[in-house]
Amino acid sequence: MSRIDPAGRARRPSRASGGFPRLRACGGVRHLLFVLGDQLNARAAPLRRLDATGDAVLMLEVAGESRHVPSHKQRTALFLSAMRHFALELVRRGLRVHYVPLDDPSNTQSLDSELRRAVDELGPEQLHLVHPGEWRVMRLVEHWRRDLTIPIILHDDDHFLLQPAEFADWAAGRRRLVLEHFYRMMRRRHGILIRDDGEPEGGRWNYDADNRRPYRDGPPPASPIRFEPDAVTRDIIHLVSERLPDLPGRLDQFSWPVTRRAALRALRDFVTHRLPTFGPYQDAMVAGQPFLFHSLLSPALNLKLLDPREVIDAALVAWRHGRAPLQSVEGFIRQVLGWREFIRGVYWHAGPEYAAMNGLQQHGRLPEFYWTGRTDARCLKLCLEQVLDHGYGHHIQRLMVTGNFALIAGVHPRHISDWYLGMYVDAVDWVTLPNTLGMVMHADGGLVGTKPYAAGGRYIDKMSDYCRGCLFDPTQRTGPRACPFTTFYWDFLERNQRRLARNPRMSVVLQSLRRMREAEIDAIRAAARATRARMGIGPIEGGS
Ligand code: SF4
């Protein structure tokens, strides 16, 4: 076995794949820090405390992590490339790294067995981990605690501004967990956009009402900076194409930042060129403009290449210097400081049973076109092709097109949630599950969203240019040109009206439903049934 010395020189140079060196830490390890693929935080406290001579870092590439739900090729490549760059950076810093690559002939491709094998080989006195990002891995940690004979020390993830126990304190005694209350608490706690008198800057907490402009005559979007794959990333792209050809999505447009340095450039690019216009057009959708004014920072944030504090600070500096308006800066900070931290808090607070919730009792299948983009519905086709090309969609495409469709068509929440977890480059379970099950599918009984975000074709027509050139008409509920969103929207309201009647935010639309004639409702039901059958969704009721 070769060994990397503290200066980063391989004593016996060898290659794992392409240009990536073989990184092995032989025995004599005191503290072994296991770094997961979404924990690439060079400033994490447990990493800073490591001793370069006696301790080591363990990193594992295992195909099982890309297969437990089918993971987009770009998502897989992003994680692996970022992991390899991170390992090389640690070696440059003088740390010992034990790295098991995907194409190591002895790799069992299972996180559990590779961790156990590494512990056997290295014989550390203690195993350290940062709090993982999913219950599945947390359960593995519990198994390791039972089975391994060494102490396992779990550290807080200091990337986040709030720890799960602090969220639980905030949530204790509340009947509902309301984002707006959480967000205001976080603003006050961290003194962000708060005046000396304790009130919000600009006199308002929320600029949502100003931030819902359709694009129409908006300014030309500034294309985001591209990061051409370097040798390490090119090797990974080759490896994923060769070893995991059955994974969904395309790799030829891969241009995500895979290092901290590149992620910082992406942050500067966003703040300079897109943040000023981000606010007003954050809900707009435009054909041929997959990124519009969005930050594209969520992959780097969720891999922990970027710290949320520095992202928030960069937006605040732009506002203080008059380079970005308050409505854009507040809207962006709300997503990072408010929504992102809130969602993580809900994930750990709700427990592992959250994943099985299905409050609206929907059991339909996810249509095949979610994996191919082959559908006549132009909005879905454009959003799905974009996901296949880039592993990316912005929040309104996710919530109001791909998500909304699954909700109103009656798809099982777990089917669409697994699709989101696999298909987006920024997806990690803590963020995907509450966003999908809670916000998109309203499957958690209203824990995350105060109402279902259901909408028909008219909403999509208002917020996008997708309906122009579509075979369907967004105003038609039934008939040969009926828009599937519009048909399913009214069918959704009709079949859930008893449940939704208790929600005051649904009263206006339910009144419209009650004004419909019985014959019209029967026609909608029949059209929805036929469309579901044509799309392979199957019945909503019963087994999944
Ligand atoms: Fe989508 Fe309906 Fe508009 Fe077609 S008409 S793009 S299916 S919302």
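Is Ala 482 buried or exposed? Ala 482 is buried, with 11% relative accessible area. Keep in mind that this is a predicted model.

**Around the ligand**

- On one side of the list, the ligand has Ala 377, Cys 379, Gly 457, Ile 460, Tyr 466 and Cys 467 among its surrounding residues.
- The list also includes Cys 470, Phe 472, Pro 474, Cys 483 and Pro 484.- By class, that shell has 10 nonpolar residues, one polar residue and no charged ones.

**Ala 482 and its neighbourhood**

- Ala 482 sits in the loop that runs between helix H19 (457–463) and H20.
- Setting aside neighbours within four places in sequence, Ala 482 is in contact with Phe 472, Asp 473, Gln 476, Arg 477 and Thr 487.
- Phe 472 also belongs to the residues surrounding the ligand.
- Tyr 281 is 201 residues from Ala 482 in sequence, and their C-alpha atoms are 28 Å apart.

**H20 against H23**

- Helix H20 (residues 484–495) packs on helix H23 (residues 518–535) at an angle of about 120 degrees, and their axes are 9 Å apart.
- The crossing of this pair is left-handed.
- H20 brings Pro 484, Thr 487, Phe 488, Trp 490, Asp 491, Glu 494 and Arg 495 to the contact.
- From H23 come Ile 521, Ile 524, Arg 525, Ala 527, Ala 528, Thr 531, Arg 532 and Met 535.
- Sorted by class, the contact of H20 with H23 has eight nonpolar, two polar and five charged residues.
- Pro 484 turns up in the ligand's surroundings too, while Thr 487 is one of the residues that Ala 482 contacts.

**H12 and its two partners**

- Helix H9 (residues 260–273) and helix H12 (residues 308–320) pack at about 30 degrees, with axes 10 Å apart, which makes H9 roughly parallel to H12.
- H9 and H12 cross in a right-handed way.
- Arg 260, Leu 264, Leu 267 and Val 271 of H9 meet Glu 310, Val 311, Ala 314 and Ala 318 of H12.
- That contact between H9 and H12 counts six nonpolar residues, two charged ones and no polar ones.
- H12 also pairs with helix H13 (residues 326–350): the axes come within 9 Å and cross at roughly 165 degrees, so H12 is roughly antiparallel to H13.
- This time the crossing, of H12 and H13, is left-handed.
- On the H12 side, the contact uses Pro 308, Val 311, Ile 312, Ala 315, Leu 316 and Trp 319.
- On the H13 side, the residues are Leu 326, Val 329, Phe 332, Ile 333, Val 336, Leu 337, Arg 340 and Glu 341.
- The H12–H13 contact divides into 12 nonpolar, two charged and no polar residues.
- Val 311 of H12 features in the contact with H9 and in the contact with H13.

- Lys 304 has a phi near 75 degrees, a positive value in a residue other than glycine.
- You'll find Lys 304 in the loop between helix H11 (298–303) and H12.
- Lys 304 counts as buried because its relative accessibility is 4%.
- Gln 109 is another non-glycine residue with positive phi, near 65 degrees.
- Gln 109 lies in the loop between strand E5 (97–100) and helix H4 (111–122).
- With 23% relative accessibility, Gln 109 counts as partly exposed.

- Gly 37 is in the loop between strand E3 (31–34) and helix H1 (45–48).
- At 15% relative accessible area, Gly 37 is buried.
- Beyond neighbours within four places in sequence, Gly 37 is in contact with Phe 79, Met 83 and Leu 303.
- Gly 37 and Pro 132 are 95 residues apart in sequence, with a C-alpha to C-alpha distance of 9.9 Å.
- Ala 82 belongs to helix H3 (residues 73–92) and is buried, with a relative accessible area of 0%.
- Not counting residues up to four places away in sequence, Ala 82 touches Leu 40, Val 258 and Leu 303.
- Arg 498 is 416 residues from Ala 82 along the chain, and 48 Å separates their C-alpha atoms.

Conventions:
Residues are numbered from 1 along each chain as its sequence is written. This is a predicted model: local features need pLDDT of at least 70, side-chain atom pairs count only at pLDDT 80 or more; totals for chains, interfaces and linings use all residues. Side-chain values use heavy atoms; hydrogens and water are left out. A residue is near a molecule or strand if one of its heavy atoms lies within 4 Å of it. Ala, Val, Leu, Ile, Met, Phe, Trp, Tyr, Cys and Pro count as nonpolar, Asp, Glu, Lys and Arg as charged, and the others, Gly among them, as polar. Axes are lines fitted to C-alpha atoms, for helices over the stretch in contact, and angles run from 0 to 180 degrees between N-to-C directions. Helices (H or I, at least four residues) and strands (E, at least two) are DSSP runs, numbered from the N terminus. Angles under 35 degrees count as roughly parallel, over 145 as roughly antiparallel, 65 to 115 as roughly perpendicular and the rest as oblique. A crossing is left-handed if the near helix is turned anticlockwise from the far one by less than a right angle, and right-handed if clockwise. Contact means heavy atoms within 4.5 Å. Buried means under 20% relative accessible area, exposed over 50%, partly exposed in between (1.4 Å probe, protein chains only).
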